[in-house]
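Good morning, everyone. Please look at the sequence and the structure on the screen. I'll walk you through them.

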Amino acid sequence: MAHRWTNDLTRDDVTPYKDYLNRRQLMAGMTGLGLAGLVGTGSAAAATDLTPTSYEDITSYNNFYEFGTGKGDPATYAHLLNTQDWSIQIDGLVDRPGDYKFDDVMKEMTVEERIYRFRCVEAWSMVVPWNGFELKDLLDLAGVQSEAKYVAFETLYRPTEMVGQRLPTLNWPYVEGLRLDEAMNPLTIMATGIYDKPIPNQNGAPLRLVVPWKYGFKSIKSVVRITLTDYEPPTSWNQAGPREYGFYSNVNPEVDHPRWSQATERLIGGGVFAKRQDTLMFNGYEEEVAGLYEGMDLQRNF
Ligand SMILES: Nc1nc2c(c(=O)[nH]1)N[C@H]1C(S)=C(S)[C@@H](COP(=O)(O)O)O[C@H]1N2
Ligand SMILES: [Mo]
């Protein structure tokens with residue numbers, strides 16, 4: 001399929017994508033000259049920024065306020081959530097609205113591994129080897145109508161099992177949204193696994209959005225409803241703090257949060273003495289997504 005973003009990264013090849021392409025071109029060029037044998041395969045070691053974070057860290061340091069606001073709360077309480085017989089209501093401006101059973105959806109989708117940088121607005125980051133499918137393929141199942149301009153997402157509301165929902169920390173249910181072209185971008189996935197295992201409850205089982213060039217809070221967990229709209233949908237963090245959290249929330253080292261700098265980040269797993277690393281424009285996906293925002297003032301549309 002022509003639209004697919006080719007994920008050449010695997011856990012055995014952690015060279016950044018660009019270096020990888022360059023190396024491939026270099027190798028291709030040199031093969032003709034009979035020099036390919038001179039190129040070592042050890043260059044992967046240079047790519048420390050894309051070494052996946054440990055499974056332990058990814059699944060024990062979480063934000064999932066439905067289970068509490070502490071980083072360890074989701075791992076402690078999310079087992080209370082029953083994800084059996086999950087379905088996703090897809091409605092609004094679609095040709096085939098309805099309840100889509102998770103198990104049925106999975107039979108239709110192509111699941112692949114996507115190793116993405118993940119940057120929380122709180123200025124920490126990880127590298128996560130997700131398994132998932134492109135959101136576009138799910139939206140195509142439902143048939144997006146031509147008037148649709150945005151996609152709204154909703155997390156499950158079930159305070160009996162999501163114990164953090166018993167407190168008014170946020171307006172429940174948690175809601176998020178994307179512009180339709182952002183939703184259709186091949187980088188945008190619904191993740192159903194991590195490290196080739198079903199996604200743990202604390203990370204958003206059985207399926208959660210992942211938008212790697214945006215701050216982590218856009219990547220809404222445990223999705224039960226997707227609505228196609230012709231208006232910009234409300235989003236939980238924007239409602240909670242409109243001056244601090246905009247609709248776009250693209251990772252941008254040049255636009256600081258009103259209370260802290262976004263220029264650098266702490267990579268989880270490096271230990272307390274690890275040096276902070278520079279935050280990349282669009283979290284390192286500038287080449288793939290900058291075109292979506294051409295002509296937009298990114299200071300105003302934060
Ligand atoms: N429903 C829901 N989705 C959510 C959140 C949440 O509290 N509730 N937290 C967000 C935030 S702030 C971040 S940083 C990521 C964290 O994802 P992770 O725990 O898998 O790293 O989930 C996002 N999705
Ligand atoms: Mo976050």
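One term before anything else: a residue is buried when its relative accessible area is under 20%, exposed when over 50%, and partly exposed in between, with a 1.4 Å probe and protein chains only. By that rule, 51% of the 302 residues in the chain are buried.

Now some ground rules. This is a predicted model: local features need pLDDT of at least 70, side-chain atom pairs count only at pLDDT 80 or more, and totals for chains, interfaces and linings use all residues. Residues are numbered from 1 along each chain as its sequence is written, chains are lettered from A and ligands numbered from 1 in the order in which they are written, and side-chain values use heavy atoms, with hydrogens and water left out.

The overall picture. The chain has 8 helices and 12 strands. Those are DSSP runs, numbered from the N terminus: helices are H or I with at least four residues, strands are E with at least two. Contact means heavy atoms within 4.5 Å. Of the chain's contacts with a separation of 6 or more, 71% are between residues 24 or more positions apart.

Next, the core. A nonpolar core is a set of buried Ala, Val, Leu, Ile, Met, Phe, Trp, Tyr and Cys residues joined through side-chain atoms within 4.5 Å. The largest one has 72 residues, and Trp-130, Leu-135, Trp-213, Ile-226 and Leu-228 have the most contacts inside it. Strand S4, residues 124–134, gives the most to this core, with 5 residues.

What does Trp-130 touch, leaving aside neighbours within four places in sequence? Its contacts include Tyr-116, Phe-118, Ile-189, Ile-199 and Arg-208.

S4 also has a partner. Two strands pair if DSSP finds at least two bridges between them. S4 runs parallel to strand S11, residues 264–267, with 2 bridges joining them. Ser-125 has Leu-267 as its bridge partner in S11. S11 pairs in turn with strand S12, residues 277–278, in the antiparallel sense over 2 bridges. There, Glu-265 is bridged to Gln-277.

On to the ligand. A residue is near a molecule if one of its heavy atoms lies within 4 Å of it. Around ligand 1 there are 17 residues, and Asn-62, Tyr-65, Glu-66, Thr-155 and Lys-221 come nearest. Now the polar contacts, pairs of N or O atoms within 3.5 Å. Glu-66 places a polar side-chain atom 2.8 Å from a nitrogen atom of ligand 1. For Lys-221, a polar side-chain atom is 2.7 Å from an oxygen atom of the ligand. Arg-208, also in contact with Trp-130, has a polar side-chain atom 3.0 Å from a ligand oxygen atom.

Last stop, helix H6. Ala-183 sits in H6. Is Ala-183 buried or exposed? Buried, with a relative accessible area of 0%. Beyond four places in sequence, Ala-183 is in contact with residues including Leu-135 and Leu-139. Both of those are among the buried residues of helix H5, residues 135–142. Just after H5, Gly-143 takes a positive phi of about 75°.

Leaving aside neighbours within four places, Asn-185 is in contact with Trp-213, Glu-288, Val-289 and Leu-292. And Trp-213 takes us back to the core.

Definitions and conventions
Polar contact = N/O pair within 3.5 Å; in protein donor to acceptor, adjacent residues only side chain to side chain.
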